[in-house]
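Here is a short report on one protein structure. Keep the sequence and the 3D view open as you read.

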Amino acid sequence: MDVVFCLELVGGFSINCSSETGGETLSLNGLPATGNVTENSSAHVLVYTFSVILSPSPSEVASGYPLIINSNPLTKAFRIDPGATHTYKVVTTGDPVLDYETMPNSFDLQIYVNDTAGASDLQILTVQITDVNEPPVFRGNLADQTVMIYILEGNRTPPGVIYQIDASDPEQSQLTYSCTPVSESFTVSQTGTISSTKEFDFERDPHTYLLNITVTDRLGLSTTRTVIVNIINTNDEPPYFATKERVYRIPEENSPGTVVANITAKDPDGEGIISTLVYSISPPNMHFSINPFTGVIYVAMRIDRDAAPLRLHPNISLVIRVEDNPSGGQTNEIEITVIIEDLNDNPPECSLYNFRLEVYETATTGTLLLDLRDHCQDIDVEPPNNEFNFTGLSGLGSNKFTLNPSGSGRIVLIGDLDFENPDNLAVEEYTLTAVVQDIAQPYYTNNIYIYIKITPMNEFFPVFNSPSYVFNVSEITQAGSSIGKVSATDKDLPFTGITYSIVAGGGTLSYTNIFWIDPNEGNLKIIATLDYETTQRYILTVQASDTEKLATVSVTINVLEVNDEKPVCSANTYSLAIPVDLAVGTNIEGFRIECVDRDSSPRSFRYFINSGNANNHFTFSPSAGSNISQLILASRFDYDSGLDTIWDYRLHVYITDDNLLSGSNRATALIETGTVTLSIKVIPKPTTTTTTTPRPAITLLIRTENVYSESAWYVPFLISVGSMLVLGLLGYLSFLLAKYIRTYCPPKPKADKRPLKNTPEKKKVKKEEVWEMTKINTVFDGEARDPVTGKMYEYNSKSGARRWKDTKESVEPGIKDPLAQEMTKINTVFDGEARDPVTGKMYEYNSKSGARRWKDTKESVEPGIKDPLAQVISTAPANSSEGKDRMRTASKQEAGTTVRELAAENNMATKPSEGKAETSSQDSLKLHKPKDGAGGRGSSSPGRSPVPPPKIYPQLQPKPALKNVV
């Protein structure tokens with residue numbers, strides 16, 4: 001038979017269900033049972049022993065079992081320890097300690113065991129706590145320490161209660177109190193009160209009493225604690241001074257802590273805390289302090305006899321006070337005097353220890369430079385402590401200067417200081433050391449340093465190394481090149497340098513300064529181009545300065561000629577024409593070239609054709625050695641055989657100035673070349689001979705010379721910048737003027753020449769359409785502020801209809817005349833933007849006229865947007881075909897009509913219907929439709945004349961329906 005055990009315990013601990021086969025079970029032998037243990041048991045006290053019976057199967061008790069599974073924290077006072085095989089003991093842990101009075105008297109321990117085969121068992125062990133008699137316990141201060149009680153002697157503490165004992169018994173039994181040894185001075189009552197029986201005298205009675213207090217319960221258990229009673233002495237006698245001396249002398253500058261005097265006093269009261277006397281200085285003195293317990297007076301801070309007020313009054317009076325109780329007891333006072341004696345404790349002091357003097361090199365011997373005694377003093381009070389002298393003048397220059405008389409501090413010049421004297425080694429500054437020293441011990445000294453700077457005098461003029469200078473320079477020397485150097489010397493020492501400058505010469509009409517001189521080195525440089533043909537010599541005046549004295553020298557600069565000018569010919573470009581059969585050797589049209597060269601002889605020219613001379617038909621005669629040469633036909637033209645194919649020749653002629661140079665010199669010499677361009681047209685033979693009268697050819701030559709100078713670069717720059725600024729200013733002013741005219745002076749609108757009504761054709765029947773519409777009641781469900789006028793208006797969020805809030809009139813776009821609206825579209829300046837609250841679209845507006853248009857489409861903003869009247873106007877037929885579909889012909893006497901009904905909804909879609917007609921009233925709105933063949937303004941259909949927009953009559957009365965009557 002199979003048995004299923006399932007155990008669930010309270011407290012969150014659960015055991016899995018297990019199945020046991022009959023005859024093979026795990027059990028706790030000896031449980032359930034009851035065990036006993038006394039309270040206050042220590043750890044490892046045995047409570048109960050049990051064993052575990054395993055099933056016959058080969059299994060063992062699982063590790064960690066059996067165990068106590070109670071969730072109550074008090075069950076931690078017990079644990080299970082293993083004993084013999086399969087035997088276990090329940091023992092105490094000692095934590096917490098079992099207490100019969102404060103804990104439950106019985107515990108049910110749930111013991112659970114499990115084996116390796118999965119079998120388990122759970123049993124209950126009931127533990128009974130046995131009460132035992134416990135001794136009484138002290139509480140309060142006596143619980144864990146000895147209590148000390150202090151009693152003042154005399155009548156300050158009369159006989160009575162001095163302490164209350166606090167004790168209790170765990171079993172709540174009655175307690176008794178006793179005191180050992182028995183004392184006549186103290187008693188203990190049965191309620192635990194300790195009382196004194198007399199007034200104590202500190203001088204006759206013991207100073208301390210030890211009382212052993214014992215408390216006992218009814219079964220005889222007791223506890224003892226000690227109470228110590230101390231008798232406190234009181235102060236009733238003033239102290240007195242034992243020191244008889246009243247005047248003390250000390251030198252100044254004693255270090256802090258130096259003993260000045262030892263004041264002693266005694267207290268008749270003797271023992272106790274009143275025997276500790278306290279000393280003080282009254283009132284306190286900043287120079288002295290006193291040990292409050294020994295009476296020794298010390299130096300508290302530096303005492304300077306030389307400083308006020310001790311400089312005039314060196315005696316210090318001190319009042320010494322002694323007190324036998326810091327909190328207020330018996331006191332006594334004496335006065336002593338301390339005299340401060342002067343010492344030589346200050347060295348001589350000077351206002352400066354570093355003196356800097358300046359002396360001209362021409363100063364004479366015997367000159368007084370400085371009196372040191374005017375700058376030094378000794379602040380000691382009494383002589384000889386405040387007396388001093390000067391000694392030991394040493395250092396570089398001690399042979400030039402001395403103290404005269406000796407020890408006086410007067411420094412006098414005794415030597416020569418001239419820089420130009422070779423014996424002086426050109427020393428610019430002398431350094432002297434003087435010693436100022438006390439006359440009395442310990443002979444304090446201080447060093448004084450005197451720096452004497454020798455100021456040189458400018459005694460000599462600069463002298464140039466040469467009385468004049470001559471430099472030769474080629475005219476093609478590059479700007480910035482060095483051409484020579486001038487040099488000058490100065491005998492003055494130390495050498496301060498010489499500055500060179502050009503004070504005269506070196507200029508031309510084009511340049512103020514052609515030459516530049518290095519102010520420090522004297523190197524001459526050219527800063528502009530030279531031209532031999534313009535100026536062959538420059539004479540400069542160069543100045544040398546040593547900041548005070550000047551010297552000048554003449555510098556001659558010869559410009560050397562160089563072949564740097566190109567040959568310039570009187571004809572730079574020519575156009576010539578010659579017949580094809582011109583004879584060889586003929587001067588072509590009498591043309592001759594005449595050239596000049598500013599730096600070459602006329603015989604130095606050579607002429608040659610560089611390019612364009614196909615088949616060498618042309619040459620110059622003479623080809624060299626003259627400045628005039630003629631153009632000669634060198635060979636005949638042959639177009640018939642095809643040898644010549646060019647009819648227009650363009651000759652590039654080079655003229656060089658190297659004719660007088662040999663072949664070897666031409667490779668290294670500087671050669672300049674001029675150019676001339678000749679255009680020659682060859683004229684073929686005419687088929688018909690025509691007699692013509694030759695006319696003399698006139699050639700106009702225009703010579704242009706560039707006189708621009710690189711140094712005047714700023715001239716075109718300033719002209720260009722100024723021109724751009726002027727043009728920009730003029731453009732900006734033109735823009736402002738146009739804007740002003742457009743804003744404040746709009747053009748006068750042109751008259752509309754369109755006919756008010758088209759004349760009907762003779763063969764066509766006049767047709768007229770009249771629309772009668774009645775406004776309906778519109779619900780205005782929103783409000784907004786007009787950005788142009790600032791007025792509030794109401795609007796319908798669906799149809800877009802709007803009206804002013806205060807007058808209830810329809811909101812017009814600002815200009816009610818349709819023609820004016822059209823003119824506004826053309827001429828109005830829209831100077832503002834706003835967002836339509838109905839459609840949410842942005843529109844532009846004119847802040848003066850109120851005209852508006854949509855920002856994206858530039859179309860005019862209609863007054864009602866979706867207003868039925870606006871719909872009818874905007875959907876009017878644009879051609880005659882639409883009118884024919886919607887009209888019927890009728891005579892003037894008949895009332896045949898075509899009726900169109902408009903929906904009275906907020907969306908108001910137009911829908912034609914027939915069968916209804918209404919008679920127009922005074923409040924109806926009549927619109928005359930144009931006759932057949934009339935097109936709207938702006939229509940693209942040809943043959944249509946413009947028709948003015950229909951006139952709108954305001955003040956419409958609301959009617960229940962809106963209809964069109966034709």
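## Salt bridges across the model

This is a predicted model. A search of the whole structure finds 16 salt bridges. A few of them are described here.

Begin with Arg79 and Asp81. Their side chains form a salt bridge, with a distance of 3.0 Å from N to O. Arg79 has a relative accessible area of 30%. That value lies between 20% and 50%, so Arg79 counts as partly exposed.

There is also a network. Salt bridges link Glu253, Arg302 and Asp304.

## Two bridges between distant parts

Look next at Glu333 and Arg321. The closest N and O atoms of this salt bridge are 2.9 Å apart. The pair links distant parts of the chain: Glu333 sits in strand β28 (residues 331-341), Arg321 in strand β27 (residues 315-323), and twelve residues separate them. Glu333 is partly exposed, at 40% relative accessible area. Arg321 is partly exposed too, at 27%.

Lys805 and Glu783 form another salt bridge, with their closest N and O atoms 3.0 Å apart. Here, too, distant parts of the chain are linked, 22 residues apart. Lys805 lies in the loop between β58 (802-804) and α3 (818-827), while Glu783 belongs to strand β56 (residues 782-785).

Which strand pairs with β48? The partner is strand β54 (residues 673-683), joined to β48 by seven bridges. The two strands run parallel. Thr573 stands opposite Thr677 in β54.

## Ala43 in its loop

Ala43 lies in the loop between β4 (33-38) and β5 (46-53). Its relative accessible area is 32%, so Ala43 is partly exposed.

Which residues does Ala43 contact, leaving aside its neighbours within four places in sequence? They are Thr92, Thr93 and Gly94. Val91 is 48 residues away from Ala43 along the chain, yet their C-alpha atoms are separated by 7.5 Å.

Definitions and conventions. Residues numbered from 1 in each chain as written. Predicted model: local features only at pLDDT ≥ 70, side-chain atom pairs only at ≥ 80, totals over all residues. Heavy atoms only, no water. Salt bridge = Lys/Arg side-chain N within 4 Å of Asp/Glu carboxyl O. Buried < 20%, exposed > 50% of the residue type's maximum accessible area, 1.4 Å probe, protein only. Helix = DSSP H or I, 4+ residues; strand = E, 2+ residues; numbered from the N terminus. Pairing = 2+ DSSP bridges. Contact = heavy atoms within 4.5 Å.
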